Amino acid sequence: ALFAAGASAQTAWPTRTISLVVPFAAGGPTDVVARSLAASMSKTLGQTVLVENKLGAGGTVAAAFVARAQPDGYTFFIHHNGMATSTALYRKLPYNPLTDFEYISQAVDVPMTLLARKDFPANNLPELIAYVRANASKINLANAGLGAVSQLCGMMFERAIGVKLTAVPFQGTAPAMNALLGGQVDLLCDQTTQTIPQIKAGSVKFYGVTTKNRIKALPDAPTLAEQGLKDFEVLVWHGIYAPKGTPKPILEKMNMAVRAALRDPDVVKRMADLGAEVASDSKLTPEGLQTWLKAEIDKWGPIIKANGAFAD
Ligand code: MLT
């Protein structure tokens, strides 16, 4: 009887609000992606998918929270490259991304953009590089903490031009962008999902995109690589996870809801306008996400360790 009750509860899922945990501030890049998907998934699943922002420590507070949440199908997690990079950035991570989660799907890939405050005295990438090299001790670089892609991109930029700048961490790039707009910080490398409106409005200085090729949403914008930062490439990917032990039928239904959202014309248009592209089909499976996560841990680990940016 117990088994039958459990089985029918699973078939009935979902019967109440589902929480989708976002590890960064509301209004920022991850939140924008999450809310767009959640609106569409709520329609498919017939229950509200509610975005919950759990801030702190570059996304690791939220990951630890989800790792310990009830695996009952009412807590899910969306995170980006930080799910992989945190394993190298933190000496004592309170969870293991390869054993404490179930994998549902990837979602969208998002380019990044290198920006400065509007009155920063460098009008293009060569000027930026020369100015930053000459004034490194005076320049600060905003990010969303160790584990954020803004931190990863900033680190890659510092490495590429051979400087160390003063990091100014925020709990997401939404507050980091506010500080850039207010002129309190100098530089920020941030995702197009947040930066395209600011770039188009001319409220920031913009030096190029971090992708291998130019992007459709900003067709005239050069890549950093084509301007001389050879091989500079950071692309943001997103995974959707559940606590380990979440029943398989629920994971399967959730995967269907994610895929349906990624085909929803409203989601597709909003994402395209913001420079984001739906991940390729092979990544929209649990196995695709898991394999990708492992590869990303192997890719970034040595780069981060060589750079030596660690937290306990
Ligand atoms: C955010 O949503 O604030 C960003 O994804 C943070 C980051 O990783 O740079």
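## Opening question

In what sense do E4 and E8 pair, and over how many bridges? They pair in the antiparallel sense, over five bridges. Two strands count as paired if DSSP finds at least two bridges between them.

## The model and its conventions

This is a predicted model: local features need pLDDT of at least 70, side-chain atom pairs count only at pLDDT 80 or more, and totals for chains, interfaces and linings use all residues. Residues are numbered from 1 along each chain as its sequence is written.

## Overall build

The chain has eleven helices and ten strands. Helices (H or I, at least four residues) and strands (E, at least two) are DSSP runs, numbered from the N terminus. Along its principal axes, the C-alpha trace spans about 75 × 40 × 35 Å. A compact globule of 312 residues would have a radius of gyration near 20 Å, and the chain agrees, with 20 Å. That radius is taken over C-alpha atoms, and the globule rule is 2.2 Å times the number of residues to the power 0.38.

Of the 312 residues, 46% count as buried. A residue is buried if 20 or more other C-beta atoms lie within 10 Å of its own, exposed if 12 or fewer, and partly exposed in between, with C-beta atoms placed from the backbone. Consider the contacts with a separation of 6 or more: residues 24 or more positions apart account for 79% of them. Two residues are in contact if their C-beta atoms, placed from the backbone, lie within 7 Å.

## Strand E4 and its partners

Strand E4 covers residues 101-117. Of its 17 residues, 15 are buried, so E4 is largely enclosed by the rest of the structure.

E4 has several antiparallel partners. Eight bridges join E4 to strand E9, residues 235-243. Here Ser 105 stands opposite Ile 240. Strand E10, residues 277-278, is joined to E4 by two bridges. Val 108 has Val 278 as its bridge partner there. With strand E7, residues 187-191, E4 pairs over five bridges. Met 112 stands opposite Gln 191 in E7. In E8, Val 204 stands opposite Arg 117.

Helix H5 runs over residues 125-135, and its buried residues are Leu 125, Leu 128, Ile 129 and Val 132. They cover an arc of only 95° around the axis, which puts them on the same side of H5. The arc is that of the directions from the helix axis to the C-beta atoms. Pro 126, Ala 130 and Ala 134 are exposed, on the face turned away from the buried side. The buried residues of H5 pack against strand E4, helix H6 (149-161) and strand E8 (204-209).

In helix H3, residues 60-68, the buried residues are Thr 60, Ala 62, Ala 63 and Val 66. Seen down the axis, they fall within an arc of 155°, so they line one face of H3. Their cover includes strand E1 (18-22), strand E3 (75-79), helix H4 (82-89) and E9.

## Around the ligand

The ligand is surrounded by 15 residues. Phe 24, Gly 28, Ala 148, Ser 150 and Gly 172 are the closest. A residue is near a molecule or strand if its C-beta atom, placed from the backbone, lies within 6 Å of it.

Helix H2 (29-45), H6 and helix H7 (173-181) each supply at least two residues of the shell. H2 gives the most, with three. By class, the shell has seven nonpolar, seven polar and one charged residues. Ala, Val, Leu, Ile, Met, Phe, Trp, Tyr, Cys and Pro count as nonpolar, Asp, Glu, Lys and Arg as charged, and the others, Gly among them, as polar.

## Points in the loops

The peptide bond from Trp 13 to Pro 14 is cis, with omega near 0°. Pro 14 sits in the loop between helix H1 (2-12) and E1.

Ala 57 is a residue other than glycine with a positive phi, near 50°. Its place is the loop between strand E2 (49-53) and H3. Ala 57 is buried, with 22 other C-beta atoms within 10 Å. Asp 231 also has a positive phi, near 65°. Asp 231 lies in the loop between E8 and E9. It is exposed, with 9 other C-beta atoms within 10 Å.
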